[in-house]
Amino acid sequence: MSSIDLNATKSPHILVLGMGGTIAGLASEPKDKPLQYEAGQVGIGDLLAHIATAVPQGLSLLSRQVANINSRNLTEPLLSELGEVVRESLANPAVIGIVITHGTDTIEESGLFLQATCGKYAHDLGKRVILTGAMLPANALGADGPSNLLDAIRWASISIDNCPGGIFAVMAGRGCMAMDLAKRHGTALNAPIQSSPSSSVGLINPSWLSGVKAVQDSWVEDLPIPKGGEWPWVEILTSHAGARLETITHWLSSDVKGLVLAGSGMGGFHDAWKGPLDQAISQGVALVRTSRTGAGMTRTDIPEKDPDGCRAAGTLSAPRARIALQLALNAAKQAALVGKPLTWQDFFDRIADLPEIR
Ligand code: SIN
């Protein structure tokens, strides 16, 4: 196991991509203060060496360090790089599956991004891309990283008869579509998966699988990966008691291309925002409404009729809606270059309207 062994790349293997995170983190006082640590300290080769004896016999692993960061510092160019590496690796006939170790803080963004840009490709090829991470640093007592990594490697390598190709995530013994994984607790070991539909890793749940099929049947075309420096600028703004109109007017003289409004309840926003948001729309700023509650759907024209052009985010959380809007704005721009009359709303709706797995 090494960081890309070029002699072995022609034989079938699982490719393990390291992005950093707590799974690669180290605490300076692991016994007394395991939660005081630095993420992204251990190389992916060392994480794999640690679990080498438990990897199923006969399974070859290769690794590549794409980054080693705390995922709160994830950048758009790095997302583009990850997407390109995943697409290239999927195209390699020797790669039978891909595992990505990632920080859990923004795994939600990467999961949605990979589904929207590589989900159809992975599914058509019958290959799985599995995101995983950890809540405890690598040197903490009872660190959860090694078992998550092993589960992800096993999930990536199981037969296509048991699980189709696609973009998945595995944490704390459970697997789900990566676009359904989100961190919903600051510290719990199962924090990143709690509120999402999932299946036990040991016994894949048939009713969950039929939900996966419904999503994959609806996802008919991957969106282009924006070039590193070409991601449209999109901000998330949260409505709250005492919200001020300046929160919106601040952006009207900027180059911002889109605003995701994390509204209260069903996704409504403070009346103070109405006037400046109308102005933002008239200036061509794309608007998406979601809810700050962390669960449930944001529906079109509920609680009030949407301003023209504003889109409801369906089940997308604010961080996911932001990535979806960026990809939709970029896709519309690319479509216009080849004379296709498709709007950002056309592309955004494809993501927001995906069936919900129950
Ligand atoms: C990170 O997201 O890089 C740190 C937190 C984590 O991985 O759990």
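**A colleague's note on a two-domain model**

1. The domain assignment divides the chain into domain 1 (13-218) and domain 2 (234-352); such bounds come from an automatic or database domain assignment. This is a predicted model, where local features need pLDDT of at least 70 and side-chain atom pairs count only at pLDDT 80 or more, while totals for chains, interfaces and linings use all residues. Residues are numbered from 1 along each chain as its sequence is written, and side-chain values use heavy atoms, with hydrogens and water left out.

2. Taken over C-alpha atoms, the centres of domain 1 and domain 2 are 29 Å apart. Their contact (heavy atoms within 4.5 Å) takes 13 residues from domain 1 and 11 residues from domain 2.

3. Now look inside. The largest nonpolar core has 91 residues, and Val-86, Ile-100 and Phe-348 touch the most other members. A nonpolar core is a set of buried Ala, Val, Leu, Ile, Met, Phe, Trp, Tyr and Cys residues joined through side-chain atoms within 4.5 Å. Buried means under 20% relative accessible area, exposed over 50%, and partly exposed in between (1.4 Å probe, protein chains only). Helix 8 (residues 318-337) gives this core its largest share, 11 residues; helices are DSSP runs of H or I with at least four residues, strands are runs of E with at least two, and both are numbered from the N terminus. Domain 1 and domain 2 each supply at least three residues to this core.

4. Leaving aside residues up to four places away in sequence, Phe-348 touches Val-288, Arg-311, Ala-312, Ala-313, Leu-316, Ala-321, Ala-324, Leu-325 and Ala-328. Another core of 15 residues lies apart from the largest one, and its members include Leu-252, Leu-259, Phe-269 and Val-285.

5. Which residues are around the ligand? Among them are Gly-21, Tyr-37, Asn-70, Asp-105 and Lys-183, where the cut-off is a heavy atom within 4 Å. An N or O atom in the side chain of Thr-104 is 2.5 Å from a ligand oxygen atom, and a polar side-chain atom of Thr-22 lies 2.9 Å from an oxygen atom of the ligand. Ala-134 uses a backbone N or O atom, 3.1 Å from a ligand oxygen atom.

6. Why does Ile-167 count as buried? Because its relative accessibility is 0%. The C-alpha atoms of Ile-167 and His-123 are separated by 8.0 Å, although these residues are 44 residues apart along the chain.

Definitions and conventions: A polar contact is a pair of N or O atoms within 3.5 Å; within protein, one must be able to donate a hydrogen and the other to accept it, and residues adjacent in sequence count only if both atoms are side-chain atoms.
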